[in-house]
Amino acid sequence: MGKAQRKEMAETVSYEEQRRRQVEANKRKLEELQLHHLSAALREAAAKPSPAKKRKARPPRDAAVEPLRRSGRVANLPEKPKYREEVLDFGRKVRRTFRSWRKDLVDRVYATDEERSHAITKAEELVDELGSRFPIFLKPMTQSHVTGGFWLGLPTPFCRKYLPKRDETITLKDEEDDEFDTLYLNRKMGLSAGWRGFAIDHKLVDGDCLVFQLIERTKFKVYIKRASSYHEDEE
């Protein structure tokens, strides 16, 4: 064996010896730190099955449910709106409105041009008979006046000259001297609340023509000329 080979073998033995000493030193350090006990404990804990969680039993459906506890601050807050009930109520109102609107369409009377013209002519003749003692105007009826919205707009020049400058009650006195209170809206220059009752009570329809005579500051004498009288006069 040559000198070089002996030197190589000596270095290899020296390295193995050094490695063995290092391993023994590491084992002593592990024993000092007791890490091997900790590792064994972890392996043992991992091997044990975890206990099953207990589920709370649900109360039967028929059992009485206790009211939820709420803090004083939360208890004083308003309850959440019940949107489902509001939607159902809205649906009922829409259906009632639709049925009323459909019935209104069925019951409507539509005047012919001849009937409308005849009623206006009769009203004009009455205006001439009544004279100019009191302010006066005539108003032909349309569907919006006697059905649906029941809104009666009055002539703007007449309102500005004779009627109150603020909202006020105006009385309508018919030919039988029965009186009906209505609400006059100054800005809109027309009759609102109360006019519907007058129109329905007197069975006004499309084509009728009314004569309004202002006999007092807030009182009209009202005369009705019927569109249907056209056929009576024809006979």
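**Figure 1. Polar contact between the side chains of T171 and D181 in the predicted model.** The two side chains are joined by a polar contact of 3.0 Å. T171 belongs to strand β3, which spans residues 168–173. With a relative accessible area of 11%, T171 is buried. Residues up to four places away in sequence being left out, T171 touches E179, F180, D181, T218, K219 and F220.

**Figure 2. The largest nonpolar core and the surroundings of L204.** This core holds 25 residues, of which L163, L172, W195, L204, L210, F212 and F220 touch the most other members. At least two core residues come from each of α7, β3, β4, α8 (195–201), β6 (209–216) and β7 (219–225). A second, separate core of 6 residues has A119, A123, L126 and Y223 among its members. When neighbours within four places in sequence are set aside, L204 is in contact with M141, V146, W195, F198, A199, L210, I224 and R226.

**Figure 3. Aromatic cluster containing F158 and Y162.** The whole structure contains 8 aromatic pairs. In the pair formed by F158 and Y162, the ring centres are 4.8 Å apart and the planes meet at 45°, so the arrangement is tilted. Both residues lie in helix α7 (residues 156–162); because they are 4 residues apart there, about one helical turn separates them. F158 is buried at 8% relative accessible area, whereas Y162 is partly exposed at 32%. Ring pairs connect F137, F158, Y162, F212 and F220 as a cluster.

Figure 4. Most residues other than glycine have a negative phi. F150, although not a glycine, has a positive phi of about 50°. M189 occupies the loop between β4 (179–185) and β5 (190–191) and is buried, with 16% relative accessible area.

**Figure 5. Salt bridges of R116 with D206 and of D208 with R226.** Side chains of opposite charge can pair when their charged atoms come close. The closest N and O atoms of R116 and D206 are 3.0 Å apart. This pair links distant parts of the chain, with R116 in helix α5 (residues 113–130) and D206 in the loop between α8 and β6, 90 residues apart. R116 is partly exposed at 24% relative accessible area, while D206 is buried at 6%. In the salt bridge between D208 and R226, the closest N and O atoms are 3.4 Å apart. Here D208 lies in the loop between α8 and β6 and R226 in the loop between β7 and α9 (229–234), a separation of 18 residues. D208 is buried, with a relative accessible area of 1%, and R226 is partly exposed, with 30%.

**Figure 6. Salt-bridge network of E17, R20, R21 and E24.** Salt bridges with shared partners join these four residues; the whole structure has 11 salt bridges. Between E17 and R21, the closest N and O atoms are 3.1 Å apart. Both residues belong to helix α1 (residues 3–33), and their spacing of 4 residues corresponds to about one helical turn. E17 is partly exposed at 28% relative accessibility, whereas R21 is exposed at 53%.

Terms used
Residues numbered from 1 in each chain as written. Predicted model: local features only at pLDDT ≥ 70, side-chain atom pairs only at ≥ 80, totals over all residues. Heavy atoms only, no water. Phe/Tyr/Trp six-rings, centres within 6.5 Å; stacked < 30°, edge-to-face > 60°. Buried < 20%, exposed > 50% of the residue type's maximum accessible area, 1.4 Å probe, protein only. Polar contact = N/O pair within 3.5 Å; in protein donor to acceptor, adjacent residues only side chain to side chain. Contact = heavy atoms within 4.5 Å. Core = buried A, V, L, I, M, F, W, Y, C linked by side-chain atoms within 4.5 Å. Salt bridge = Lys/Arg side-chain N within 4 Å of Asp/Glu carboxyl O.
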